[in-house]
Amino acid sequence: MKTNDISHHSPSSLTGGVGGGSFSLLWIDDEIDLLKGHLLFLEKKGYAVDTVTNGYDALDRVAERTYDLILLDENMPGLSGLETLSRIKDITPTTPVVMVTKSEEENIMDQAIGSQIADYLIKPVNPTQILLTLKKNIHRREIVTEQTQTAYQQNFGQLSLLISDATRMEDWMEVYRRLVAWELQLSETDSAMKEMLAMQKSEANRDFARFVSKNYIRWIAEPESPGRPEVMSPDIFKRRVFPLLDQGEKVFLLVIDNFRYDQWRVIMQEIADQFQIDEHLYCSILPTATQYARNAIFSGLMPNVIAEMFPDLWVDEDSEEGKNLNEAPLIQTQFRRYRRQNTFTYNKINDSAAAERLVQQLPVQEKYDLNVCVLNFIDMLSHARTESRMVRELASNEAAYRSITLSWFRHSAVADLFRALAQSNYRIILTTDHGSIRCQSPVRVKGDKNTNTNLRYKLGKNLDYNPREVFDITDPRRAQLPSPNLSTRYIFATGDSFFAYPNNYNYYVSYYRDTFQHGGISMEEMLIPLIELTPKRR
């Protein structure tokens, strides 16, 4: 798609300045006659301005109609500006109020700001100041939308070129970072460019799947081959944890299950004032599922090696046993292989009560060299969204999914955990085992009763599928994957596709379309956060 395929839309209300008769202001000032020049300026800009000279009349007006913004003099006889402000907020708490004052006394400003003013102006005000505060408080979303979509339009061609020229995993990580950055910016606007970005991201995911399909077997079969991602799931301890331990650091490894890069970016804003942040992405192995990727992290081994060396710690696909019950023993095996004498603890957090207990235990746990903590909330949210209509409505798209993640973080004991870690001497490594993608496109596949149930990858000996629609591995040993039978093969969904059986096809598709799934090949699932946090107090 060429850059000039995008048409430029410029809201007429922003051409030559903001304004428009649809915006109404109330100006409250006992010397309103001295402001006629300002009022004329605003009317020429297209604003409808009502005026009153005292707080009581202002309250009557506010009770009668809704204003887009109120300008309020702080020093008025009778009902003072601050008293008027308080009563206005009782009537219309969401209307922005701009305090206009002659006084710059700190206590007056503190009272006004504490009463939730939107802005303040110091007399004598000039038209430019007034226009600026209107832009900030009435037109901010329009202006941000306009500026953001213009910036995205200007960068669209550059980003398309970056996608088409990506030949290394580092290139794809940069593509994904930029796509997520634009997604976060555009999600805060009303821009139609969000649809264009979604198309560009989908195109990037198709190319990314081709890139992975072409190179994955070589990366795994030849770990030292040029172009292999610097860090993959089995490398986390060797390349990130052990070097810190060797430096004498106390390390806290926090693994948030099913944690996407865009979710990290919104949570990052919550902790940025507490930590120095060193942000990286790494590449998950396939399948991008807990049983494979997370066990590879904790063992430092590929899945088939785990199954062969430690059969009692590997859980087969068809087993009803939980797939991640042996994580602490797997960590122990990795310590033994590297002949490490470090002490460690392991904690799994499934609810706020467990997180609260961990926070209380932190002083005791500081005697250990390494503390490993697995947080399962986001994975639980992903599954709940699939199974619950209400949760699906609450997390209807990526922006809503991020919002729920942020709300959970703010209001759970996990935020307390980060605050406690910010006061500690730990070096914190924050990461995940895989991400997830919102699935849209069904791909038909047939399998026997022993085929696994995951929607993004299948393994079995009797799979029937279209090879052009999947990435298939016919010899699992080359990808270092367990092979329950000699004829076992793996297939992976790419892009936003998901596997659907022909039986009861329409019901199956309608139930699972638009759900967040993992196990396959996409940037969202494979390119995942690997963050080092250092408390600023150190």
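Helix α8 provides the largest share of the lining of the second largest pocket, 8 residues. Helices and strands are DSSP runs, numbered from the N terminus (helices H or I, at least four residues; strands E, at least two). The structure is a predicted model, in which local features need pLDDT of at least 70, side-chain atom pairs count only at pLDDT 80 or more, and totals for chains, interfaces and linings use all residues. Residues are numbered from 1 along each chain as its sequence is written, and side-chain values use heavy atoms, without hydrogens and water.

The second largest pocket has a volume of about 540 Å³. A pocket is an open set of points on a 1 Å grid where a 1.4 Å probe fits, with protein on both sides within 12 Å along at least five of seven lines; lining residues have an atom within 4 Å of a point. The volume is the space filled by probe spheres set on the points. The lining holds 21 residues, and E183, A198, K201, E398 and R438 lie nearest the centre. At least two lining residues come from each of α7 (169–187), α8 (193–221), α17 (398–411) and β11 (437–438). By class, the lining has 9 charged, 6 polar and 6 nonpolar residues. Here Asp, Glu, Lys and Arg count as charged; Ala, Val, Leu, Ile, Met, Phe, Trp, Tyr, Cys and Pro as nonpolar; and the others, Gly among them, as polar.

Rings of Phe, Tyr and Trp (its six-membered ring) pair if their centres lie within 6.5 Å; planes under 30 degrees apart are stacked, over 60 edge-to-face and the rest tilted. The count comes to 29 aromatic pairs. One of them, F237 with F298, is edge-to-face, at 6.4 Å centre to centre and 75° between the planes. This pair links distant parts of the chain: F237 is in α9 (residues 236–246) and F298 in α11 (residues 290–299), 61 residues apart. Both are buried (under 20% relative accessible area with a 1.4 Å probe, protein chains only; exposed is over 50%, partly exposed in between).

R340 lies over the face of F242, 4.4 Å from the ring centre. R444 sits over the ring of Y505, 3.7 Å from its centre.

Helix α10 (residues 261–271) is largely enclosed by the rest of the structure, because 8 of its 11 residues are buried. Among them are W264 and I271.

Note on methods: Lys NZ or Arg CZ within 6 Å of the ring centre and 35° of its normal.
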